[in-house]
Amino acid sequence: MSENNYRDLYVSEGLEHVEKIHEALTQLENEPNNRELVDQIFRSAHTLKSMAATMDYKKTQNLCKNIENIFEKIRKGESEVTNNLITAISKCVDILEQMISDDKKDVNLSPYLQILENPDALIPDQKDTIVSSKSPTIRVKMSELDSLVTFVEDLMIANMKMEKSITEKKSNESLEIINEMNQLISKLQYQSLKIRLVPMDQIFSRFTRLVRDTSMKLNKQVRLKMNGTGIELDRTVLDAITEPLLHILRNCVDHGIESPEERQKIGKTQEGKISLTAQRQGNKIIVAIQDDGKGIDVQKVKDLAVKNGAISRNQADSMPEEKALELLGIPGLSTAEKISDISGRGVGMDVVFNQLKSVGGNVKIETKKGFGSTFYLTVPARLKDSEKSGSEFENLELISAPKPTKLNPKETEKLNQIMHLYIASKTAGALSTLFGESVNHKITVLENGIDHFDKVKIKSDEITMCGIRLDGKGDTHLEICYTIKLIDAKNIAAKLLCADDSYELDELGTSAIQEVANILTGSFFNAMVDGTGFRVQLSTPDFSRGDLKSIINKSAKNLSDQENNVVITDVELVGSDSGIKIHMMIMQNPTDARKLMNKQNDTTPVITN
Amino acid sequence: MSEYSCKILIVDDASFMRTVLKDIVKSNGLASEIIEANDGIEGVKNFQKYQPDLVTMDINMPNVDGLQALKAIMKINPKAKVVMVTAVENKESVQDAIKFGARDYVVKPFDRSSVPLVLNKVLRQR
């Protein structure tokens with residue numbers, strides 16, 4: 001590993017510990033006696049210290065050592081957690097974060113060491129305006145990278161095949177390979193964009209700190225509630241909305257939430273509330289910030305806009321509230337009565353509006369005087385490579401998952417062989433045990449597309465009988481539908497229940513048929529699991545008497561968004577003596593069908609019973 | 001006829017499977033009393049109520065599945081004799097079942113001669 005690689009690892013792991021400390025600090029504020037949190041911070045500080053020592057970053061090492069010492073004392077009961085201490089540590093961890101990500105940054109540690117020594121004499125903010133020249137980093141699951149590598153390898157192989165087929169002038173084969181390459185490219189594109197997604201929670205702890213620090217400074221009491229776990233955003237989008245969100249939150253605390261005294265006077269709780277929620281709506285993420293403060297004075301906004309020359313008095317008077325709030329996007333418009341230290345440093349809401357617009361999003365504000373305001377930020381969850389396009393974010397196309405393409409004739413043939421192998425090895429045998437007679441089978445992989453399923457060689461009177469749907473999900477997803485002629489179903493029930501005549505499909509008869517389907521599916525999955533090593537979880541059967549097409553459509557919907565691309569393998573099982581016929585329709589989406597074929601390549605064939 | 005006179009609890013959501021198992025148990029004289037349950041919850045309830053000598057337990061059932069019911073039964077009586085019944089020779093769930101305390105398993109479709117052998121073997125165990 002080169003030194004540079006070590007550094008990357010140091011930065012990514014280091015930042016992870018910084019994040020852990022931040023999270024623990026936030027919690028510690030509410031539960032100052034929580035031993036686990038103290039331990040967590042101690043451990044992270046300790047690890048960071050050792051990491052910095054290995055990298056020979058003396059200052060980072062020193063700062064960590066000091067933090068570690070403080071928590072060591074707390075662990076021993078020689079010292080205790082106070083609010084001022086949390087603030088002091090937060091400040092130190094903030095600077096630590098900068099030191100870790102930028103090794104060129106020269107920091108004067110002494111004020112930080114001072115506040116650690118005496119947290120109750122907090123020194124004023126150090127103005128640290130750093131513009132990091134580094135490209136933002138991102139943490140990615142190994143498996144995501146692995147599949148990226150696999151796609152690239154596949155692409156290289158396809159490329160080699162392509163060269164060969166061109167030299168040999170095999171145009172049909174070339175076309176096939178081009179098709180394959182197209183698929184790979186679209187997968188590659190999808191995967192690489194997916195990698196850029198980061199969970200939104202990552203930035204939540206920054207918000208908590210901001211609200212805490214700001215409200216403390218203003219002697220206000222504010223509680224921030226956040227909800228949006230599990231939402232993922234493109235790293236660029238996340239970066240683009242972080243500042244606007246911080247800005248809005250600052251504004252909420254500074255201008256929105258009233259002082260505790262004021263709140264008490266008007267019958268509100270002393271503690272103000274701000275909630276931040278993120279939710280996904282299709283391809284968009286909507287982040288809403290709501291406060292229960294005094295709301296925005298729309299008249300004042302209008303007055304300011306008139307004074308600013310943005311609109312005329314007449315325009316202002318006839319302007320509806322909704323439009324008037326959009327005026328906040330005009331540069332230089334601020335409704336704060338006095339410019340405070342917290343917000344209104346010349347950068348106003350216009351920055352928020354612009355920033356959002358630059359990533360193809362927008363801002364909407366709702367407000368009610370005396371009751372508070374809500375800011376809705378809407379952003380696309382994913383962007384096409386926005387870094388390359390610089391600030392030209394217009395006409396960004398949202399991307400979607402690659403459409404699974406249909407199987408080509410070669411693949412169809414291969415799938416047929418695989419299915420034949422599985423059915424012959426176990427499924428037909430299982431039915432033969434059940435029926436007490438030998439069972440023949442015939443397999444057809446239907447032309448792609450649910451629309452072509454009419455090619456199933458069953459006559460119309462067979463279709464409206466009973467269908468049983470079983471689905472297995474796991475490494476690969478298959479759904480199997482059965483269709484049996486009513487008369488055959490009755491005969492099967494009779495056979496299994498040892499009745500002389502055909503047995504009515506009452507509860508017991510139905511159960512017998514269901515069990516047949518269960519057993520056939522089970523044996524098929526057994527063969528497949530043996531052949532591929534895939535794991536499959538079976539769901540319980542869904543028995544319905546209806547027409548085959550609707551049963552199959554239901555399955556197809558489960559499998560894929562592109563219904564017409566579902567691959568159906570029709571397995572016809574016929575009792576050699578009784579002539580009883582069962583159609584087993586195995587359905588997959590093309591991606592899963594290919595998965596099955598690829599897996600079959602590396603494993604030995606199934607051993608026949 | 002077997003010299004054993006014991007109680008067997010059959011847990012399966014499919015009435016057909018219960019019928020088949022009942023038939024096998026009866027025709028081989030394996031039990032003097034057969035109790036049925038059509039899902040995991042009823043299975044555990046009936047186990048508590050009747051204290052059977054042996055339980056056959058389907059793995060794949062809606063709501064509370066066989067593995068969950070098995071765990072509950074083993075909690076009630078760690079010496080309980082449970083034989084799993086499955087259509088899928090899913091090695092993982094069978095292994096899990098054995099780990100949780102199941103004595104053995106049979107695979108559907110039943111081989112009418114081997115099921116009594118398995119049940120008998122388990123009944124003879126301590």
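How closely do the axes of helix 9 and helix 14 of chain A come, and at what angle do they cross? In this predicted model, they come within 9 Å and cross at roughly 155°. Helix 9 of chain A is therefore roughly antiparallel to helix 14 of chain A, since angles over 145 degrees count as such. The crossing is left-handed.

The contact involves A:A240, A:I241, A:E243, A:P244, A:H247, A:I248 and A:N251 from helix 9 of chain A. Facing them in helix 14 of chain A are A:M349, A:V352, A:Q355 and A:L356. By type, the residues of this contact are 7 nonpolar, 3 polar and 1 charged.

Chain A also holds an open sheet of 5 strands, ordered 2-4-5-7-6, with mixed pairing. Strand 2 and strand 6 of chain A are the edges, each pairing on one side only. Neighbouring strands are turned by 15° against each other on average, direction ignored. Strand 2 and strand 4 of chain A run parallel, joined by 6 bridges. One bridge pairs A:M226 with A:L276 in strand 4 of chain A. Helix 8 of chain A lies across strands 2 and 4 of chain A, at about 170° to strand 2 of chain A.

| Helix | Residues |
|---|---|
| Helix 8 of chain A | residues 204-217 |
| Helix 9 of chain A | residues 235-256 |
| Helix 14 of chain A | residues 349-358 |

In chain B, B:T56 lies in strand 3, residues 54-58. B:T56 counts as buried because its relative accessibility is 1%, and the cut-off is under 20%. Leaving out residues up to four places away in sequence, B:T56 touches B:L9, B:I10, B:V11, B:L21, B:V83, B:V85 and B:L119.

Note on methods
Residues are numbered from 1 along each chain as its sequence is written. Chains are lettered from A and ligands numbered from 1 in the order in which they are written. This is a predicted model: local features need pLDDT of at least 70, side-chain atom pairs count only at pLDDT 80 or more; totals for chains, interfaces and linings use all residues. Side-chain values use heavy atoms; hydrogens and water are left out. Axes are lines fitted to C-alpha atoms, for helices over the stretch in contact, and angles run from 0 to 180 degrees between N-to-C directions. Helices (H or I, at least four residues) and strands (E, at least two) are DSSP runs, numbered from the N terminus. Angles under 35 degrees count as roughly parallel, over 145 as roughly antiparallel, 65 to 115 as roughly perpendicular and the rest as oblique. A crossing is left-handed if the near helix is turned anticlockwise from the far one by less than a right angle, and right-handed if clockwise. Contact means heavy atoms within 4.5 Å. Ala, Val, Leu, Ile, Met, Phe, Trp, Tyr, Cys and Pro count as nonpolar, Asp, Glu, Lys and Arg as charged, and the others, Gly among them, as polar. Buried means under 20% relative accessible area, exposed over 50%, partly exposed in between (1.4 Å probe, protein chains only). Two strands pair if DSSP finds at least two bridges between them.
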